[in-house]
Every structure is written in C-alpha cells, then in structure tokens.
Amino acid sequence: MSIDNVCRYLSEQYPESFATWLLGRTPADVKDLKTELSVEPVKADYIILLNP
C-alpha cells in the first residue's frame with residue numbers, strides 16, 4: 001500500500017482524528033469532499049483548504 005493510499009484511507013475513515021494529527025489542534029469542522037486532482041500536469045501533490 002502506497003503512502004497516498006494510507007493517507008486517503010485514514011482521512012476518509014477518521015477525518016477528525018486525521019485533521020487533528022495533521023494540524024496539531026482540533027478543527028471546528030471537517031468535511032471529506034471526495035475530489036480528485038485533474039489529469040493535467042500538477043505542480044503540487046497536495047492541497048489543504050482551511051476555513052477559519
């Protein structure tokens with residue numbers, strides 16, 4: 001299992017815990033948007049969107 005698959009699994013199954021571990025604090029709201037990156041060339045391999 002690749003690292004991307006592990007991160008995807010953890011973020012889908014345990015979104016609140018994963019976000020807390022990643023951010024170092026408990027977020028107010030966590031949503032799994034189920035989006036995929038475009039097939040076009042990507043200049044970043046991950047994007048995190050935070051809503052304050």
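## Aromatic pairs and surface of a predicted chain

W21 is exposed, with a relative accessible area of 64%; exposed means over 50%, buried under 20% and partly exposed in between, with a 1.4 Å probe and protein chains only. The model is a predicted one, in which local features need pLDDT of at least 70, side-chain atom pairs count only at pLDDT 80 or more, and totals for chains, interfaces and linings use all residues. Residues are numbered from 1 along each chain as its sequence is written, and side-chain values use heavy atoms, with hydrogens and water left out.

The chain has two helices and zero strands; these are DSSP runs numbered from the N terminus (helices H or I, at least four residues; strands E, at least two). Of the 52 residues in the chain, 8% are buried. The accessible surface of the chain is about 5,200 Å², and carbon and sulfur atoms account for 56% of that surface. Areas were computed by the Shrake-Rupley method with a 1.4 Å probe, and for residues only the protein chains shown count as cover.

A pair of aromatic rings is described by the distance of the centres and the angle of the planes. Rings of Phe, Tyr and Trp (its six-membered ring) pair if their centres lie within 6.5 Å; planes under 30 degrees apart are stacked, over 60 edge-to-face, and the rest tilted. By this rule there are two aromatic pairs. The ring planes of Y9 and Y14 stand at 80 degrees, with centres 6.5 Å apart, so this pair is edge-to-face. F18 and W21 make a tilted pair, with 5.7 Å between centres and 45 degrees between planes. F18 and W21 lie three residues apart in helix α2 (residues 15-23), and therefore about one helical turn separates them.

The table gives the accessibility of residues in these pairs.

| Residue | Relative accessible area | Class |
|---|---|---|
| Y9 | 42% | partly exposed |
| Y14 | 45% | partly exposed |
| F18 | 11% | buried |
| W21 | 64% | exposed |

W21 also belongs to a nonpolar surface patch with L22, L23, Y46, I48 and L50, and together these residues have about 670 Å² of accessible area. Patch residues have over 30% relative accessible area and no salt bridge; nonpolar side chains (Val, Leu, Ile, Met, Phe, Trp, Tyr) are joined within 5 Å, and like charges within 9 Å. A salt bridge is a side-chain nitrogen of Lys or Arg within 4 Å of a carboxyl oxygen of Asp or Glu.

N51 is found in the segment after α2 and is exposed, at 75% relative accessible area. N51 and V30 are 21 residues apart in sequence, with 9.5 Å from C-alpha to C-alpha.
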